[in-house]
Amino acid sequence: MGRLDRVHIDKVAKRYGTERALAGVSLELERGTMCALLGHNGAGKTTLLGVVSTLVRPNSGSVTYRSGDAKLTGEAVRREIGLLAHASLCYGELSAIENLELVAGLYGVAASVSAVLDQVGLEPRARTRAARTYSRGMLQRLALARALLTKPSLLLLDEPFTGLDRGGALALGEQLGALKTDGTIVVVVTHDLEAIAGRTDHVAILKRGKLVCEEHSELPHTYDQLKDLYHRNAA
Amino acid sequence: MLRHALRIAWKDLRIEVRSKEIFMTMAFFGALLVVIYSFAFPNDAAAIRGSVPGMLWVSLAFTGTIALGRAFDRERENDTMRALLLAPVPRLAVFVGKAIAMAALILGVAVVVVPLLALWMNAPLFAFPLELVVSIAAGAFGIAIIGSVFAATLLKARSRDVLLPVVLYPILLPLFVAGTKCTAGLVAEHPNLEAAHYWMSFLGIYDAAFLVLSLWVFESLVIE
């Protein structure tokens with residue numbers, strides 16, 4: 001099975017009881033692109049990431065994952081997904097190295113844990129300490145290392161810049177840009193438009209569960225373009 | 001699948017060895033129950049033989065519930081359950097791994113509670129050690145299998161601590177009855193090994209049936 005080339009989200013709807021989280025959202029994600037998923041709190045962004053990551057089952061609609069002409073399902077899809085969520089998805093009692101070794105074992109990859117921790121800038125002294133002793137920023141770096149370790153071809157990031165200082169946020173933005181260039185499909189949910197400016201070439205804005213704006217661009221969106229799009233459509 | 005399940009179980013036990021949080025709580029609670037029994041029940045030999053099977057299985061049920069609640073709470077803290085479900089391994093491996101770790105903890109508590117009951121209550125629990133070990137192991141796996149399904153299902157429920165025993169105990173009732181009857185057969189003044197073996201078989205069948213059922217429903221219960 002190969003890397004994902006396309007993800008087709010078709011009229012996905014999700015309700016939690018009487019609360020509508022998504023109402024028929026359709027999107028096409030392609031390799032080598034970065035999609036900024038924008039919208040106010042409660043717009044349905046996290047639910048959409050949940051559906052795309054296979055962790056939330058939609059009430060209607062579907063998500064199709066393609067590698068070339070082949071349709072991927074189940075474990076083959078999950079192998080290709082890297083997720084950075086609100087929570088770190090890491091065990092507090094285990095160190096950074098132990099957490100990543102567990103992930104490498106479950107994914108069956110012989111990745112270099114140290115190299116990924118270097119990549120995200122987690123200081124060497126902290127790597128053998130229990131993750132529960134980490135600051136918010138360190139935990140965010142570990143969570144990012146966890147998402148990158150398996151070299152996913154679909155990277156889903158929910159507020160990845162939270163807890164990072166300005167330098168860290170910009171460095172992460174650069175890393176995401178490099179991953180996009182390498183052919184990864186990057187989807188970023190964020191309110192930090194500055195950090196993704198100059199890198200994202202696909203913007204999708206959700207409002208109360210509906211896709212109210214979708215814009216593709218040959219050149220990456222500037223900060224002003226992103227701000228303008230957001231204020232015109234999300235408000 | 002088993003390789004991944006063992007990896008997940010090993011991860012749980014490794015965290016437990018480091019924190020000792022669940023096992024110490026379970027063991028202390030189990031010991032406390034034995035002390036309470038020693039005051040609450042009559043101390044003559046006949047009464048002890050009659051009541052010690054119930055004491056043993058009630059202790060396993062109560063301490064097992066503590067383990068189930070807390071072990072799955074850990075998966076909630078940093079949303080690590082999502083991470084396990086996202087891994088490219090059969091989702092059933094997550095269930096089996098958690099159940100193996102739970103069973104190991106319950107068996108660990110049995111190692112504390114059984115000798116305490118035998119000593120404090122002067123109960124002849126070690127008259128048939130092999131049968132006792134097999135029945136407790138079957139009971140521990142049954143509690144772990146069924147408990148893991150419900151604990152995982154209730155992971156996002158607000159009042160899961162209250163709900164877990166309420167939904168779990170009625171389903172575990174046949175297991176407790178079988179375990180108690182089996183132990184009663186072993187500690188009776190005139191041991192009834194035939195009855196003990198019958199109830200051990202019942203425990204085995206009960207475990208197998210719920211294992212199949214749990215493997216069937218687990219994924220649909222844990223995905224939102």
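Predicted model: local features only at pLDDT ≥ 70, side-chain atom pairs only at ≥ 80, totals over all residues.
User: How many helices and strands are in chain B?

Analyst: Chain B has eight helices and zero strands. Along the sequence the pattern reads α-α-α-α-α-α-α-α.

User: What share of chain B is buried?

Analyst: Buried residues are 48% of the 224. Of the contacts in chain B between residues at least 6 apart in sequence, 84% join residues at least 24 apart.

User: Where do H3(B) and H7(B) sit relative to each other?

Analyst: Helix H3 (residues 45-77) and helix H7 (residues 160-187) of chain B have axes that come within 9 Å and cross at roughly 150°. The crossing is right-handed.

User: Which residues make the contact?

Analyst: From H3(B), they include Val52(B), Leu56(B), Trp57(B) and Leu68(B). From H7(B), Leu164(B), Leu168(B), Tyr169(B) and Phe176(B) are among them. By class, the contact has 14 nonpolar, six polar and two charged residues.

User: Switching to chain A. Which way do the residues of E6(A) point?

Analyst: In strand E6 (residues 81-84), Ile81(A) and Leu83(A) point one way and Gly82(A) and Leu84(A) the other. All are buried. Side chains in a regular strand alternate between the two faces of the sheet.

User: What does E6(A) pair with, and is that parallel or antiparallel?

Analyst: E6(A) pairs with strand E7 (residues 154-158) of chain A in the parallel sense, over four bridges. Leu83(A) stands opposite Leu156(A) in E7(A).

Methods: Residues numbered from 1 in each chain as written. Chains lettered and ligands numbered in written order. Helix = DSSP H or I, 4+ residues; strand = E, 2+ residues; numbered from the N terminus. Buried ≥ 20, exposed ≤ 12 C-beta atoms within 10 Å, placed from the backbone. Contact = placed C-beta atoms within 7 Å. Pairing = 2+ DSSP bridges. Axes fitted to C-alpha atoms, helices over the stretch in contact; angles between N-to-C directions. Left-handed = near helix turned anticlockwise from the far one by under 90°. Nonpolar A, V, L, I, M, F, W, Y, C, P; charged D, E, K, R; others polar.
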